[in-house]
Every structure is written in C-alpha cells, then in structure tokens.
Amino acid sequence: MALAGSAVKARLAAGGQVIGPVTSVFWHLGEYGTGQEYKVLLTTTTDRYAELEAHLLAQHPWDNPELIAVPIQAGSARVLEWIRDSVSPKQD
C-alpha cells in the first residue's frame, strides 16, 4: 500500500491496485524458491515511467524488485485522458 500510495501522491501513477498475497515461484541468487508476495499494478504514461521506476527503486526494500512495464495498447478516450491528467506534474 505504501508503494502504491506514494507513487499516486507524487503524481507518478494515476492509480494503483495491490493484489495479494500471491504465491510466487522464482529463481533468486541461483536458488529455486517460493514465497508469498503482493503484486502492485500502477498506471502511468510512457513519459512518466522513468520517474516512476526511479521512485519505486528508491522506496522498495529489495535490491532488485521485479519492475516491468506493459504498454497500454488501447483504452477509452476518457480513461486515457484521466491517466494523462493524473500524472501531470502540476501542483494541487
């Protein structure tokens, strides 16, 4: 919640969803593992992604959190406008 909230408050993401806990299966430091994690989905623009990534890397407790970007291929005009407006660096 803290990561999602800080990204939205900083206008780096228009919104976020915290999903979990989920069970993850992974390789880490050369070892196979499983564990419970939370998935955070954040919505932003291409222009703001680099700032969002830097923010998340600075705030996350792990050295190498799984940060990946999935492009928005299409969306309703009103939602895309909401995203752009929400991540505008304007002052409240």
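Student: How many salt bridges does a search of the whole structure find?

Tutor: One. This is a predicted model, where local features need pLDDT of at least 70, side-chain atom pairs count only at pLDDT 80 or more, and totals for chains, interfaces and linings use all residues. Residues are numbered from 1 along each chain as its sequence is written, and side-chain values use heavy atoms, with hydrogens and water left out.

Student: What makes the pair Arg-48 and Glu-51 a salt bridge?

Tutor: The definition asks for a side-chain nitrogen of Lys or Arg within 4 Å of a carboxyl oxygen of Asp or Glu. In this pair the closest N and O atoms are 3.0 Å apart, so the pair meets the definition.

Student: Where do Arg-48 and Glu-51 lie?

Tutor: Both sit in helix H2, residues 46-59. They are three residues apart, about one turn of the helix. A helix here is a DSSP run of H or I with at least four residues, a strand a run of E with at least two, numbered from the N terminus.

Student: Why is Arg-48 called buried?

Tutor: Buried means under 20% relative accessible area, exposed over 50%, partly exposed in between (1.4 Å probe, protein chains only). Arg-48 has 9%, so Arg-48 counts as buried.

Student: What makes Glu-51 partly exposed?

Tutor: Its relative accessible area is 41%.

Student: How much of the protein counts as buried?

Tutor: Of its 92 residues, 22%.

Student: Which pattern does the protein follow along the sequence?

Tutor: The pattern is α-β-β-α-α, with three helices and two strands.
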